Amino acid sequence: MMDLIIDIALNALYVLLAVAYGLLLLGIARKINARVHNRVGPPVYQNFIDVGKLLAKKTNIRHNWIFDLAPLFGLAGALLTLLYIPMGGYRLLSGDGDLILLLYIMVIPSLGMALGSGASANPNAGVGVMRALTLMLAYEMPFLLTLLSLMIFYNTTSLSVLLCKQQGFRWAIFVLPLSALAADMALQGMMMKKPFDIPIAPHEIGSGPMVEFGGKYLGMLMLFGAAFAVVETSLFVDLFLGGGVILNPSQYGIIAYMVNYFVWMLLVLVVWVIAVFINAVFPRFRIEQAFKFYWKWPTVIAALGLAQAYVMSVILGVVP
Amino acid sequence: MIHPVLLIAIPLFLAFLTPIVGIGSKKYARYMAPLAAGLNTLVSIFVLFETFNGPVFDILSGFSPPLGIVLMVGPLGALIALLISFTSFVVSLNCLKYPKEPVVKYTMLYILLMMGATGMVITGDLFNLFVFMEITSIASYGLASFNRDKRGYLGAIKYVVVGSIGSTFVLVGIGLIYAQLRTLNMLDISARLSQMNSFTAIVAFVSLFVGLSVEAEIFPLNTWVPDAYRGAPSQISAVFASVAAKAGIFAIARIIFTIFGYSNYLWFVVILGMLTVIIGEFSAYVERDLKKMLAYSSIAQMGMIVLGFGIGTVLALQGAFFQMLSHAIAKAVLFMAAGYFVYRTGTTKMESIRGLGRNPLIGIPLTISVLSIMGLPLFLGFYGKFYIVLAGIDAGYYAIIALILLASVVEVAYYARFLKIVFDKSAEPKEVTPGDYVPMMILAVVLVIFGVYPYPILDVLSHVASFLAGGV
Amino acid sequence: MDLQTLFGIFIVLPVLGAFLSYSLGKRASIVATAFSAVPLIFTYLRMGDWSQYTFTALGINMSFELNPLNWFFILMTSLTSFSALLFSISSVKERQNGFASLMLFAVAGANGVLLARDFLSLFVFWEIMSWSIFLLVMRASGESARIYMIFGAISAYFILFGIGIVYHYTGSFLYSAVGGVPAYAWKYLLPIFIVGFGVKMAMMPLHIWAPHAYSSEQSFVAYLSGGLSKLGAYGIFLTFYSFATVGVLAGFGTFRTVTIPGYALALVGAFTAFIGTMLAIFQDDLRKLLAYSSIAQLGYVLVGFGLGTPLAVGGALFHAFNHALFKAVLFLGSAAVIYRTGEYRISELGGIAYRMPFTFMAVLISIFALAGIPITSGFISKWMIYEAAISLKFVIVTPLMLIASVGAFLYSFRILYGVFLGQLHRRHEHIKELPPHMLAAMYILIVPMMVFAVAPGLIFDWINSILVYYGMNGLTYTTFSYQSSVGGANMLVFFVAFMAAFMVAMGLFMMKKARTVDQYDNYLGGEVRTDVELHAAHNFYKPLREVWEPLLKYSTERFYTRVARFFAGGFEEIKKVYTGNPQDYAAYAAMAFIVFFLIGWWLL
Amino acid sequence: MNAEDWKKIQRMMSKRSLWMVHFCTGCGAVEMPPVMTSRYDMERFGMGPMATPRQADILLITGYLAVKTLKRVVRVYEQMQDPKYVIAFGSCTMNGGMYWDSYNTVKRVDKYIPVDLYIAGCMPRPEAIMDAFLKLMKMIEEGKADGWKRYKEHYEEYRRNQMRVFRRWDE
């Protein structure tokens, strides 16, 4: 019983920290963006203030009950997703659900948001969701291929098993560099960073799906965004960078967890910063350009990565 | 004991009674056809029951066979006789609704046609076969042109040309046999076939086969069919398809199995059946005239029967007989429906019959018979197609059966198109009278009853094996 | 339970019901619903009562059986037929008696196909089902019915040919005699049976009847897509694992433990899933969209059957079950929308959810199942098939399936947004929610989806008994969790975590109140237009369509049309044999005599 | 922590995170780019442009308003969520400026919507704009920026004034 309570408390703590770290990452992104633009930029804690302000707004506009599903599903789904991602070597619930489950859980918040924004009856929202879904179809092609290459090479779909097999710096990025490259390209679209911020293009379609959300609705969606910044980068870290596990917890105990967590944070930051730098210097694609791009180069690279994984695993019989 | 000769005597008597009745009242003369056909139906039911104990031989004019004229009815012959008289009866009910002037001649020819066809089935004597065939043909020629329009005459003249060639061949065949064997009794010929010069036997066989093929609508002797069916009154087309053609095909079956027993020739019959099916179905698919389409379809169905006979196993023959029954009944319904459509629209173009079947009184029997022709279960048509295909594969005719099935898909396509047009929602249905739908309903009910419960027919068809072995 | 009961409940009763409801005229569906409820209840109660009966009819040995497999399929077809008929009480307005009785004929046919243990009854009931579908489709459109029937005939004749071959080798129609077919004959038999059964489940490239047939009366299509298309899956399962058996399949060679026919089937299934999905995305007709989705979803089932590991086959069976439920609900939802608005073009609808919230909820949950969102059981079946493919390390099948499931999000959002969300048109402002019995028809199907999502172990018990019955290994599972060789998931943990996360979100959400505004109070650059409709549903995926345009020009349907036209041209030539000239005919007769004679001379 | 403290925190957060929707109808909008970019960089204060009024706190009216435009402004204002602030920009918004005798130009914006802050000048320099923003922040902190409350209290009057210039509300 005690174990269970501790377990729940730890999970909650990790999720809370992750959301906080996500808000911080968003702040860092704004700061970097400003520095690239030769500006001072907001303080890195700016997003905490933004969320607080939004949640404290006096009036909140809703359209109907389906509109409410957006923040509810958005935040709930985001928290749920965080629970299934190992952070810093801590498995959370990832032992009870594998990558395929994670992939589908990752859809829940977006789906809720799509529902809510659709219910707002704003045509911009519809167009935005259409772009988001089209973009999803685009980047999922290389992303799924890279996932498959990992799953075939490591012969598992479980993230925690994947982490175990990458221990001791046997990171997948060294073994399957092509897949890692394709996954990073897909990550840019998954995080809707430029040049793939087509769905939320504020200058074209009034920030797309979010057009009608304000106050607590937008605040909760910002929390979802923060959580997802962690989810997506962390997914890459867990898949290709060994999840930041450098010390074996069974050997070093609590210290290992702390060290691993910091390494994980660092790696997440690195992945995030790369995406942010790309974001800072690129203009925006049109959606069909994005689609063509993703189904061309990243897919080819991912397919080569998959071929490599296939050859190594099936033909050469390499067991990692 | 009921004598099979009644099957010929009653209609003959009533046919010649018709003008006399016609002098008194033309109205009553019309009822002679249903009367004759109805009586024949009753008689043939009794005959059918009698034949269960063995073939019935009815000796005419006092001489015992092989010298005298003899009627020879097996269970299968009785079944076909029943089929002929029953469908004639139902169609003649429909004729009452659409009388053709002059009524007396029309009725007389109708009865004679039925009588001739029945005679072809039950005779045990080759020359009688010829005589009855001639009666059937001549009555048919007359009826085919009864619309007294250009199409009717054109159809009839084609029928006459091909039909008389056929008759000649039959006569030649009979002559050759008689010249060698001095007998015309079928069983006698069969027993003494080895005494015949084999070359002459082949010539005689082929002559008979070709001659009877005209009535049986086997390719390439079926050329008259589309035009004659198109030109004749629809009820008459129904009778052609369900009565005359059945008599012809049964005669061929008897020539092949009862008289000559040429099992070597059968694969050629299979080829002929296949060609008939394919050409019939394919032509029907592109035909835009309703009655011609039904005529081509009729050709194809006859081809299936020929195929069944050609495969020549018990299963195939059972299939062929099932096919004869189902085709006769279903095609009669369809031609009667066509008669209704023609009556309502004045044309036989496919496009003009839109929505006419939406009245359920017409639509239901129509649908049932189309489904039966497509060979779907719960309807009589299922057994025919199923048995023939199964027997064909069992006998190793893989490619031919595949082609037949392809042709069946084509058949489904054009019958579905027919239903689509008939049930088109864009047009309103027209009124129907009992004279239209009662005969169709009767036949549709028969299709369903024997489709669900085919055991009575199967009982009769259990005699197929002995027929195959040269019996009657 | 004896043969009479089995036959009576599953076949005679629906047929009697068909005649009875035909004679009733209006409100025939009420009686038909009652008649379809009996087999459903009976099926549920008779679980585990496996038995087999042999009898002779038409002089042929025939056999019926209730076993785990056909019990499972009867359960899903009965469920869908019951709810479709319940729904049709109000939704079918004209000639309801014809509808109800044909539905019951289809039910009898489907039950017969499932119970049959011999080819003759299989074929008979298959055809009964086929013509009842034909006539039901005919009610809406003759052309659709014609296309359906042509493919139905192709299917039936392939099966018939296969039956003929089996009969040729064994002289019997019993399934148990199939073992007598020599291995080399399976070279022909396998494709024949796969095509025959594959048509019914709209396997590519034999799918083109589906969008046409699925455009007819939607409450019937709920049964057609939900229930009857599963018979194709059933047939393919039988072909692979009952008739041919793994030993025979392996005789064709294996590709990494998967037999070559199985691998080919999996490829076909994966392409079906992929292409079906891609086509569904661009449909504006709600019914056609669902039709293509149906095609695609059954592709997964094919993949599962093809891969042939217990996990894959179990997943395919589970997916068939899920598809029966959620696709029936979706088609009923479509029927509901058409019933209330008379409109089926997505671009002309919108905002229906605000007026029909319960319908929307039902459709939403089924779309979760369709898209494989884990809160419904749709996820688990997909998961099983994926895991099977991944653990076999298949690099063509798996990505196709995965990307197809991403595409499923696209078209399912099309339904959600285009029909149910967005702007409510003024002409639809007065529509009402469905009456309770129609909602009940949908929610009956929702309940199992939710239950099996939390406790998949319940359905795994059934699936396991099927797998064991057909001599495969069982699955690894507990009531709430399941495992493959490469991964696993625990649905109870998932649900608890989801609930917890939802509670947190709910708590945050409830802190502030919100004010509801009108749908026209929308930010459009300061404009508030109430006179124009701004529902952005027309040509929704236009950019994607532009990208795909070069590929979309290839259409299977157009190919078939061309083939048909080519054949029709050939037929015209053949028809020219009938010149209409009596002189030609006389010449034919003469030539015929010569040819017949020469052949006779040669032969005899 | 009592309600007053809570309010204070809320104001602190509102002050440091002002998102604005600019209604760039007039020439004054040309002064916004320098304010946003590296020279003055208003994002230092957590300010940023937003695409829709639902998300925004400040409505920035950057120049004269025609009657037709005013209607849109009112709608946008009403779509914003409390607390919300209005900054009117340039002399045209105060007295009509160079359009003082135009028949269809609004002369005083605060007759129609509650303006919290005017920025004088034709046009105001970026320094003035930055100054205005800082002033607004101060006002928010002190609770003086209460235009949104005034609009609620005197809604009838504002609406009367608006309807005086609009013939119809829905065109």
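Chain A holds 14 helices and one strand, where helices (H or I, at least four residues) and strands (E, at least two) are DSSP runs numbered from the N terminus. The radius of gyration of chain A is 20 Å, close to the 20 Å that the globule rule gives for 320 residues, so chain A is as compact as a globular protein of that length. That radius is taken over C-alpha atoms, and the globule rule is 2.2 Å times the number of residues to the power 0.38.

Welcome to the model! This is a predicted model, in which local features need pLDDT of at least 70 and side-chain atom pairs count only at pLDDT 80 or more, while totals for chains, interfaces and linings use all residues. Residues are numbered from 1 along each chain as its sequence is written, and chains are lettered from A and ligands numbered from 1 in the order in which they are written.

**Chains A and C on their own**

- Taken along the principal axes, the C-alpha atoms of chain A fill a box of roughly 60 × 50 × 40 Å.
- Chain C has 22 helices and eight strands. Its radius of gyration is 26 Å, close to the 25 Å from the globule rule for 604 residues, so chain C is as compact as a globular protein of that length.
- The C-alpha trace of chain C spans about 100 × 60 × 55 Å along its principal axes.
- Chain C is divided into domain 1 (258–513 + 533–554) and domain 2 (555–603), with bounds that come from an automatic or database domain assignment. The centres of these two domains, taken over C-alpha atoms, are 51 Å apart.

**Who touches whom**

- Here, two residues are in contact if their C-beta atoms, placed from the backbone, lie within 7 Å.
- Four pairs of chains are in contact, and chains A and C share the most contacts.
- Chains A and B do not touch, and their nearest C-alpha atoms are 38 Å apart. Chains B and D have no contact either, with their closest C-alpha atoms 44 Å apart.

**Where chain C meets chain A**

- On this interface, 61 residues of chain C are in contact with 65 residues of chain A.
- Several elements of chain C each supply at least two residues to the side that touches chain A, including helix H15 (378–391), helix H19 (491–510) and helix H20 (542–552).
- That side of chain C has 43 nonpolar, 13 polar and five charged residues. In this count, Ala, Val, Leu, Ile, Met, Phe, Trp, Tyr, Cys and Pro are nonpolar, Asp, Glu, Lys and Arg are charged, and the others, Gly among them, are polar.
- Strand E1 (residues 61–62) of chain A pairs with E8(C) in the parallel sense over two bridges; two strands pair if DSSP finds at least two bridges between them. In this pairing, A:Ile61 stands opposite C:Arg515.

**Where chain C meets chain B**

- Here, 44 residues of chain C are in contact with 50 residues of chain B.
- Helix H5 (119–140), helix H6 (142–170), helix H21 (556–575) and helix H22 (582–603) of chain C each give two or more residues to the side that touches chain B. H6(C) gives the largest share, 15 residues.
- By class, this side of chain C has 34 nonpolar, five polar and five charged residues.

**A helix pair and a hairpin in chain C**

- How do helices H14 and H16 of chain C cross, and at roughly what angle? The axes of H14 (residues 357–371) and H16 (residues 397–420) come within 9 Å and cross at roughly 170°. That makes H14(C) roughly antiparallel to H16(C), a label for angles over 145 degrees, on a scale where under 35 is roughly parallel, 65 to 115 roughly perpendicular and the rest oblique.
- Axes are lines fitted to C-alpha atoms, for helices over the stretch in contact, and angles run from 0 to 180 degrees between N-to-C directions.
- Among the residues that meet are C:Phe360 and C:Leu364 in H14(C) and C:Phe409 and C:Leu416 in H16(C). The residues of this contact are eleven nonpolar, one polar and no charged.
- Seven bridges join the antiparallel strands E1 (residues 51–57) and E2 (residues 60–66) of chain C. C:Ser51 stands opposite C:Leu66.
- E1(C) and E2(C) form a hairpin with two residues between them, and C:Leu58 in the turn has a positive phi of about 55°.

**The sheet of chain D**

- Five strands of chain D form an open sheet in the order E2-E1-E3-E5-E7, with parallel pairing. Its edge strands, E2 (48–49) and E7 (117–119), each pair on one side only.
- Four bridges join E1 (residues 19–23) to E3 (residues 58–61) of chain D, and D:Met20 stands opposite D:Ile58.
- Helix H5 (residues 126–142) of chain D lies across E5 (85–89) and E7, running at about 170° to E7(D).
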